[in-house]
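Subject: A structure for you to explore

Hi there,

Here is the structure I promised to pass on to you. Have a look at it first, and then read my notes below with the viewer open.

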Amino acid sequence: MQSEPTIHFTDASSWATQWQHLFNFLMGVSIFFSVLIFGLIFYFAIKYRRRSKDEVPPQIEGNLALEITWTAIPTALCVVMFVWASGLYFRNAVPPKGSTEIFVIGRQWMWKVQHSEGVQEINELHVPVGVPIKLTMTSQDVIHDFAVPEFRIKEDVLPGRYTSEWFTATKTGRFHLFCDQYCGTLHSAMVGWIIVMEPTDYARWLSGNPVNKSIADMGAELYVRYGCNTCHSTGLGPPFVGLYGSVVKLTGGQTVKADDAYIRDCILSPSSQRVAGYPPIMPTFQGQLEEEQILQLTAYIKSLSKAEGQGKEAAKQ
Amino acid sequence: MSAEVTGIETMPPVHYLNVNYGWRSWLFTVDHKRIAWLYLIAITFFFIVGGLAATLMRLNLIEPQGALVEPSTYNRLFTIHGLIMIFFFLAPSIPAVLGNFLIPLMVGARDVAFPRLNLLSWYIFMLGGAVLLYSTLSGGVDTGWTFYTPLSTTYANSSVMSAAMGVFISGFSSILTGLNFIVTIHKMRAPGLTWFRLPLFLWSMYATSIIFILAMPVIAITMVLLMLERFLHVGIFDPALGGDPILFQHLFWFFGHPEVYVLVLPAMGVVSELIATFSRKRIFGYSFVAFSSVAIAALSFLVWGHHMFVSGQSIYTGLVFSAFSFLVAIPSAIKVFNWTATLYKGSISYDAPMLYALGFIGLFTMGGLTGLFLASTAIDVHVHDTYFIVAHFHYIMVGGAVMGYLGGIHYWWPKMTGRMYPQTWARLSAALIFVGFNLTFGPQFLLGYYGMPRRYAVYPPEFQVLNVMSSAGASILAVGYVIPLVYLIWSARYGPIAGPNPWGAKGLEWTTASPPPTENFKVIPIVTEEAYAYGAKG
């Protein structure tokens, strides 16, 4: 137990392996140029040391061919790095279809995690190995950053909007979770663990939790508790069935895709993006709803876009 | 072969230092050389304050749970360390001290274009510094030098207003200094001193001045907006007030990245002079080095988004900024290759300034190469906001800018004081600084690679070994910084008399007495050759 703690640093996600290849290439280029420059400096500094006080060395103006060479080679290497890095970055910007979505809320100074199945965690995130996981993240206060070094992923977590990142864990085990964006006094205590489990263990872990409501079900309760149903189930406000993912026409004539960000904006500042054909009667819920409640309502609205959801909606009416 | 101080040199009977005495003759001086001393004393003070903050930080990080202070204190330490070192030491170091002293001497003029404005710049600088120190004494500021919103505008419970005000004020000092330098270099060059006969130091000071004038107004505006939101709750950056926190980052880094080049371009200029003098050769590829400075200054305004690859910025924007960031690496590489080529077939001496110059090339090369990792969007995703970044920018700002500054101070010290310092001590401290620096910041590259976040007051125990190594290196670095402070002060009074040109260097500043007379030159020189005419006899 008293043994020296050693640094645990592996490639624990599919992206980490691709990342490592590019990193090794950059290291190779860097070591080559460092050795070249250091070697030349030492060699010249010794070979051409001043041997007499009045020495006048030959004056060399420069050499165009050399200038072109040492402009062209670094430029070519930079193009390779740019294309490689950008390709990797670009391909991995969007999570694969069918990723499991998990919600993360940062606040001074803790991480709150909300699984779709309803399980909530603090400063821990349990995930199954080999399954693409998409994190949808927001902050309750300042900017945070959800970083998992062994997955080589990191993304700022902003107040007032959703950001996301994704990973497919390739190893089981416990991995550091750090807040990487300075967020105030206890920034360095805003840490936690990612626990990657075999899918069967994960299923057992999920079922072992005392929560028996999905976040869509929690959202359905909020829908009634906050009186959303008095308008949105009666035709006074736009209905939610089939809303999520559709294209909405606004009063100004513009259109917008009904995604997480749109629904969040509508709940907090209803007048900004009002649906065409409905009166401006909705009050703002700014300050009344927590970020996780907004996520729950969104999950509920999302569930209504599926056929199964329509039955629920009908049952409420 | 070291500098020849033969003992037969004599001090000129009247020079700018002894022409008159008393505090009024200094605090109301309009002589650019005395104003350079005012800056030198002020920034040395700020360097010591910023260095003490760093010392406490490194001591604290010896233990994973924090050996010394509470996190709230640690956060104040790294904030004041960054603010002081960036705005009150590095930015004014080479421009305001060496630039002020040398630009009129190098162009063959009697003073800068606007001597009174030059003095005003110093007073503005001191006012800004006083306000920043007030913020520290009145409880400190804990936002990081980057002032990210909405932490700084809504959530931080510390002296943000006065710190922002200090930064706001000091910006005007840089703007006026830049203006002064640009006009001086354009309008006051001696007869025959064409643009391509200028020392490369002047090219880099010119590029730096352009950045001062274009970037400093942006930070001033940003600080005003920040204060408006914090004090009057005008919604600009905080989403709870209807603002956008990313807007702040765009504004801050539009200033912030050019600012990095404000710190390193002057050092590149110094190093060009040192390499030429101590190899007795004109700089290889003069015009390529000169235009690289201008290219860096121009491109520096197009790369700010590489600070924001993981901020939620669009990926397309990220790719554009990545491309520009690679582009700005090219002129830096060209400079390094040309400096190295200058050594070829040179007559190289190992005087202390040359050791700093060679150290600069090595450290800047490593800082620059690690910059390529950060310009690569995919790689940045992991190393962003870790110790990898901390190590990278210290290689540029301390390995680069501070080595350049100390090299320049050692090179022009005999011109500034008329006296020489002990070479052995100077060489020793240059070596200590090089070794101490690498031991301090080398382990931080590894820490960052392993994922240790920056700005952490406490950290997981497995990172302790590398942190202790870093702190141990910092103690060597500190010794390396203290030694020159002692022998330079000693030499100003007791050092052997240096004579007008102890290094056998070319350039107008070496044609006048050491120390120079108040009017610099008895007769305005007429220039008939380039700055690096080392082939010519005499």
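Let's start with strand β6 of chain A, residues 144–148, which is mostly covered: 5 of its 5 residues are buried. Please keep in mind throughout that this is a predicted model. In a regular strand, side chains alternate between the two faces of the sheet. You can follow this in β6(A), where His144(A), Phe146(A) and Val148(A) are buried on one side, while Asp145(A) and Ala147(A) are buried on the other.

Which strands pair with β6(A)? One is β7 of chain A (residues 153–157), which runs antiparallel to β6(A) and is joined to it by 5 bridges. These two strands form a hairpin with 4 residues between them, and Arg152(A) in the turn has a positive phi of about 55°. Another is β9 of chain A (residues 173–179), which pairs with β6(A) in the antiparallel sense over 2 bridges. In general, strands of a sheet pair through backbone hydrogen bonds, either parallel or antiparallel.

Val104(A) itself, together with Val271(B) and Ile361(B), touches the most other members of the largest nonpolar core, which has 252 residues. Helix α3 of chain B (residues 71–107) gives the most to this core, with 23 residues. Domain 1 (100–208) and domain 2 (215–316) of chain A each give the core at least three residues. In soluble globular proteins, nonpolar side chains tend to be buried together.

Next, look for an open sheet in chain A. Its 5 strands come in the order β3-β2-β1-β5-β8, with mixed pairing. At the edges are β3 (120–122) and β8 (163–168) of chain A, each pairing on one side only. From one strand to the next, the twist averages 25°. Strand β2 of chain A (residues 110–115) runs antiparallel to β3(A), and 3 bridges join them. Across this pair, Val113(A) stands opposite Glu121(A).

Strand β2(A) also meets a helix. The buried residues of α4(A) pack against β2, α5 (229–232) and α7 (291–303) of chain A. Helix α4 of chain A spans residues 215–225, and its buried residues are Ile215(A), Ala216(A), Met218(A), Gly219(A), Ala220(A) and Tyr223(A). After the helix comes Gly227(A), with a positive phi near 75°.

Finally, how many residues does each chain bring to the contact between A and B? Chain B brings 75 residues and chain A brings 71 residues. On the side of chain B that touches chain A, helices α3, α5 (151–155), α9 (286–299), α10 (315–343), α11 (352–375) and α12 (377–383) each supply at least two residues. Helix α10(B) gives the most to that side, with 15 residues.

As for confidence, the model scores ipTM 0.90 and pTM 0.91. Chain B has an average pLDDT of 93, and 98% of the residues score at least 70.

Enjoy exploring!

Best wishes

Terms used
Residues are numbered from 1 along each chain as its sequence is written. Chains are lettered from A and ligands numbered from 1 in the order in which they are written. This is a predicted model: local features need pLDDT of at least 70, side-chain atom pairs count only at pLDDT 80 or more; totals for chains, interfaces and linings use all residues. A nonpolar core is a set of buried Ala, Val, Leu, Ile, Met, Phe, Trp, Tyr and Cys residues joined through C-beta atoms within 7 Å. A residue is buried if 20 or more other C-beta atoms lie within 10 Å of its own, exposed if 12 or fewer, and partly exposed in between; C-beta atoms are placed from the backbone. Domain bounds come from an automatic or database domain assignment. Two strands pair if DSSP finds at least two bridges between them. Axes are lines fitted to C-alpha atoms, for helices over the stretch in contact, and angles run from 0 to 180 degrees between N-to-C directions. pLDDT is the predictor's confidence in each residue, from 0 to 100. Two residues are in contact if their C-beta atoms, placed from the backbone, lie within 7 Å.
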